[in-house]
Amino acid sequence: MTLPTTLRALRYRNFQLFFGGQTISLIGTWMQNVAQAWLVYQLTGSSTKLGLVTFAGQIPVCLFAPLGGIVSDRFRRQRVVIATQAASMLLALALAALTLTGAVRETHVYVLAALLGVVNAFDIPARQAFIMEMVGREDLMNAIALNSSMFNASRVIGPAVAGILVSTIGEGWCFFANGVSYIAVIVGLMMMKIKTQTRLKPPGSPMADVIEGFRFVIDSPPIHQLMILLGVISVTGSPVSALMPIFADRILHGGARGLGILMGATGVGALCGALLLASRQTVFGLGRWVVISAAAFGASMMAFAASHSFWLSFAVLLPTGLAMMVEMGSTNTLIQTMSPDHLRGRVMAVYSMMLMGMAPVGALIGGVAAGRWGAPATLAGCGIICMCAAAVFGRRLPGLRADARQLMAAAEIGSEPAG
């Protein structure tokens, strides 16, 4: 049976297992994200504390991702991902136990969020680099897009379910459901048959390995320019989710159910963006997509900040999610296509630092700024910064294209196709 072009990566059995398991697991993850934000809001009522819990959960990615990149390049990525998923399951169940027994305190949420951040520092580089081993270079862009579509489909379902569960039976059951959901992805990973690739352990020290990865990024103008723009998008975009409980409750008067609906709206838009990206068959022209989507993301944030109508805000979040997905998915695809396999884990570690490592900085700054100037003014300012960054990258794009083509050609010659 011939699959549509948009779904072509699903012809690989390993990716089918990954796709199915991750879909279930990510629904649980989004349920926990919404429930955790609401729990902190209920415990503290503080916009600053909302930013702080996001900071605690993501700053470890910035600190430990280089080490995670080394682990990804030195060990079998399949085993690394199994280990990180198992650790995430245990942390979710611990938060569920604390919440369901009524023992949970603000400090517990921060500590468990920080520990999950450490796990993610190892999980994200390995999982992103592992996609190549499941599908090969030819279908890499489609697999990344489908992976993103799965992420965002769960982003629609998870918050909606969480909004209902939180308002009826409490946050603890959301955390428990997330812990159980990890079983699906772990089983899927264990069922995979990955052709073992020759992976020579670098003779240098771990620090030398880290330096080698950073040097490749710095010496490759198209890659480090994409990384810089991604970092700006991450910093300016993270206050959207960090401050969403304030918009849902104080500005739009939707409560916990409204929070789930608004988070789901962003997911619907992002899902559409992922499917749009999956329909592409070539990386050529993606640089232009990066510029347009980054500018559209900033404009959408400004529109959301100005809205005082719940359903208008819902509608505005659709293009916000779409633009965010297209920018991040296009950047991921371009960077992986330009990276050789022996450095892929370390390059994706830098990508992780820019995507998730910079987000806590934005969440913390956004939380503090919202406490002083209000959440709408904070998001409007973030939107302006985002649009300026898109304009700067757009001016530099024509001069980066020749270097990008050379990097893609070198990576294709130096990397073995996946099994």
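Start by selecting helix α6 (residues 171-191), which gives the nonpolar patch its largest share, 6 residues. Helices here are DSSP runs of H or I with at least four residues, numbered from the N terminus. What you have open is a predicted model, in which local features need pLDDT of at least 70, side-chain atom pairs count only at pLDDT 80 or more, and totals for chains, interfaces and linings use all residues. Residues are numbered from 1 along each chain as its sequence is written, and side-chain values use heavy atoms, with hydrogens and water left out.

**Stop 1: the nonpolar patch**

Leu-100 sits in helix α3 (residues 77-100) and, with 40% relative accessibility, counts as partly exposed. For the burial labels on this tour, buried means under 20% relative accessible area, exposed means over 50%, and partly exposed lies in between (1.4 Å probe, protein chains only).

Go back to α6 and pick Ser-181, another residue of this helix. Ser-181 is buried, at 8% relative accessible area. Leaving aside residues up to four places away in sequence, Ser-181 touches Ile-24, Ser-25 and Gly-28; contact means heavy atoms within 4.5 Å.

**Stop 2: Gln-85 and its neighbours**

Select Gln-85, which is found in helix α3. Its relative accessibility of 5% makes Gln-85 buried. Apart from residues up to four places away in sequence, Gln-85 touches Gln-22, Ser-25, Asp-123, Arg-127, Tyr-182, Val-185, Ile-186 and Leu-189.

Two of those neighbours deserve a click of their own. Asp-123 and Arg-127 meet through their side chains in a salt bridge (2.5 Å, N to O). A salt bridge here is a side-chain nitrogen of Lys or Arg within 4 Å of a carboxyl oxygen of Asp or Glu. About one helical turn separates the two, because they are 4 residues apart in helix α4. Asp-123 is buried at 2% relative accessibility, and Arg-127 is buried too, at 16%.

**Stop 3: the salt-bridge network**

How many salt bridges does the structure hold? There are 5. Zoom in on Glu-133 and Arg-77, whose side chains form one with an N to O distance of 3.1 Å. This pair links distant parts of the chain, 56 residues apart: Glu-133 is in helix α4 (residues 106-135) and Arg-77 in helix α3. Both Glu-133 and Arg-77 are buried.

Next, select Arg-346 and Glu-212, where the side chains meet in a salt bridge of 2.8 Å, N to O. Here too the pair links distant parts of the chain, with Arg-346 in helix α13 (residues 341-357) and Glu-212 in helix α7, 134 residues apart. Arg-346 is buried at 5% relative accessibility, while Glu-212 is partly exposed at 33%. Salt bridges with shared partners join Asp-73, Arg-77, Glu-133, Glu-212 and Arg-346 into one network.

**Stop 4**

Show the side chains where they meet: Phe-216, Val-217 and Ile-218 from α7, with Ile-223, His-224 and Met-227 from α8.

**Stop 5: Ser-293**

Finish in helix α11 (residues 286-306), where Ser-293 lies. Ser-293 is buried, with 6% relative accessible area. Its contacts, not counting residues up to four places away in sequence, are Ala-323, Val-326 and Glu-327.
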